[in-house]
Amino acid sequence: MPDAPLLAIAGLSCSHAGKPAVRGLGLSLRRGELGCLLGPSGCGKTTLLRAIAGFHVPDAGTLRMRGQDALARPPEKRGLGFVFQDLALFPHLTVGDNVAFGLHALARGDRAARVHETLSLIGLDGLADRYPHELSGGQQQRVALARSLAPRPDLLLLDEPFSSLDADLRGRLRDDLRAVLKRLGIAALLVTHDQEEAFAFADTVGVMDAGVLLQWAPGFELYHRPATPFVASFVGEGRLLDARVLAGHRIATALGELAVGEALPYAAGSAVRVLLRPDDLVPSDEDGIECEVRAVAFRGAESLHTLVLADGTALTALFPSHQQREPGQRVRVKPDLAHVVVFPAAT
């Protein structure tokens, strides 16, 4: 089945001590595709990763790899790599021996060549004879990645592998790993609660909450076309503004009428909510809605302004930092939405 996805999950459910951890989850991952599971702590991300690896037995559902039933195979026969959050390096082995640990099937010369090639790919040239305790935290993390990459699995599972590193190291290692995976054609599934990390690393991102996969889509889709209010509020910043459905594919809001562009599944007069991102509001000198600046957060090229309308509605807007306003100042803004996302009214 050459067109079959590398990983295909359907209706997967898992529990811990009788309590649901993953509920009826389904997703697929193509060969060479980089995926990410994003969500708050305790939402089931790591449980799903462990079920794929074979470390947790699901209660129900199917899990197929390369077109075959992966649940019938033990972890060591699933042909994947796993990078743990705690690294799990062998302290008594050198860097080279750590990386060579899973290469017993190769001849000695081929094993040495593979270790050298992998260390070079991951930026560890010349460190094969060092021991883990002689390395920095970032270098130790690279050793753990190299060890998982050395057997050239077609799927790599990553359980928050960068969480112990500072922001600069985390970003550089994430970008380096993405480049290596793309070069080798290895698919990966990363677990994280860091949105920036998810969007920078993955081709496809899944947002989970309470064991449910709410949306599995590219980052652009998650941000601009979220499937649920939770995804809308969890991904990026934004507010859900009360609105009312009008005839002619329009909605009435505190910022005026907005054209939706397509028929809504709500009758005219229905109460709804519209998603408004900070970049959906722009300054306007004349035809905008007047509001008061309550707070300003400087972000370098841009500043995030918290604004309050006359009716008390609070919104956020990004302005260029050279146009930064001060708290208490009155400004005019108008909506400039490329995508109008509408949800039912809160119940």
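## Fold, strands and cores of a predicted model

Among contacts in the protein chain between residues at least 6 apart in sequence, 65% join residues at least 24 apart. The model is predicted. The protein chain holds 8 helices and 20 strands. Its C-alpha trace spans about 75 × 45 × 40 Å along the principal axes. Of its 347 residues, 45% count as buried. The protein chain exposes about 16500 Å², and carbon and sulfur atoms supply 50% of that area.

Start with β3. Because 5 of the 5 residues of β3 are buried, this strand is largely enclosed by the rest of the structure. In a regular strand the side chains alternate between the two faces of the sheet. Both faces of β3 are covered. L34, C36 and L38 are buried on one side, G35 and L37 on the other.

β3 pairs with β8 (residues 187–192) through 5 bridges, and the two strands run parallel. L34 has A188 as its bridge partner in β8. β3 also pairs with β9, again in the parallel sense, over 4 bridges. There, G35 stands opposite T204.

β9 (residues 204–209) in turn meets β10 (residues 212–217) over 5 bridges, and this pair runs antiparallel. G206 has W216 as its bridge partner in β10. The hairpin of β9 and β10 has 2 residues between the strands.

| Strand pair | Sense | Bridges |
|---|---|---|
| β3 and β8 | parallel | 5 bridges |
| β3 and β9 | parallel | 4 bridges |
| β9 and β10 | antiparallel | 5 bridges |
| β14 and β20 | antiparallel | 3 bridges |

### L34 in detail

L34 is found in β3 (residues 34–38). Is L34 buried or exposed? L34 has a relative accessible area of 0%, under the 20% cut-off, so L34 is buried. Which residues does L34 touch, beyond those up to four places away in sequence? They are R178, L181, K182, I186, A187, A188, F201, A202, D203 and T204.

### Nonpolar cores

In soluble globular proteins, nonpolar side chains tend to be buried together. The largest nonpolar core here has 45 residues. L158, L181 and F201 touch the most other members. The largest share of this core, 5 residues, comes from α4. Apart from this core lies another, of 28 residues, among them I9, L29, L80 and A187.

L181 links several of these parts. Not counting residues up to four places away in sequence, L181 touches L34, L149, L156, I186, A188 and F201. L149 is one of the buried residues of α4.

### Helix α4

Helix α4 (residues 137–149) has 13 residues. From first C-alpha to last, α4 reaches 19 Å, close to the 18 Å expected at 1.5 Å a residue. How many residues of α4 are buried? The count is 10 of 13, and the helix is mostly covered. The buried residues are G138, Q141, R142, V143, A144, L145, A146, R147, S148 and L149. An α-helix has 3.6 residues a turn, so residues three or four places apart point the same way.

The buried residues of α4 pack against both helices and strands. The helices are α2 (95–99), α3 (108–121) and α5 (167–184). The strands are β6 (81–83) and β7 (155–159).

### The open antiparallel sheet

A further sheet is open and built from 5 strands, in the order β13-β12-β11-β14-β20. Its pairing is antiparallel. The edge strands are β13 (256–259) and β20 (342–344), each pairing on one side only. Neighbouring strands of this sheet are turned by 40° against each other on average, direction ignored. At one end, β14 (residues 271–276) and β20 pair over 3 bridges. R273 has F343 as its bridge partner in β20.

### Two positive phi angles

R66 has a positive phi of about 60° although it is not a glycine. R66 is found in the loop between β4 (60–65) and β5 (68–69). Its relative accessible area is 31%, so R66 is partly exposed.

A210 also has a positive phi, of about 50°, and is not a glycine. A210 lies in the loop between β9 and β10. At 45% relative accessibility, A210 counts as partly exposed.

Terms used: Residues numbered from 1 in each chain as written. Predicted model: local features only at pLDDT ≥ 70, side-chain atom pairs only at ≥ 80, totals over all residues. Heavy atoms only, no water. Expected span 1.5 Å × (residues − 1). Buried < 20%, exposed > 50% of the residue type's maximum accessible area, 1.4 Å probe, protein only. Contact = heavy atoms within 4.5 Å. Pairing = 2+ DSSP bridges. Axes fitted to C-alpha atoms, helices over the stretch in contact; angles between N-to-C directions. Areas by Shrake-Rupley, 256 points an atom, 1.4 Å probe, with all protein chains shown as cover. Core = buried A, V, L, I, M, F, W, Y, C linked by side-chain atoms within 4.5 Å.
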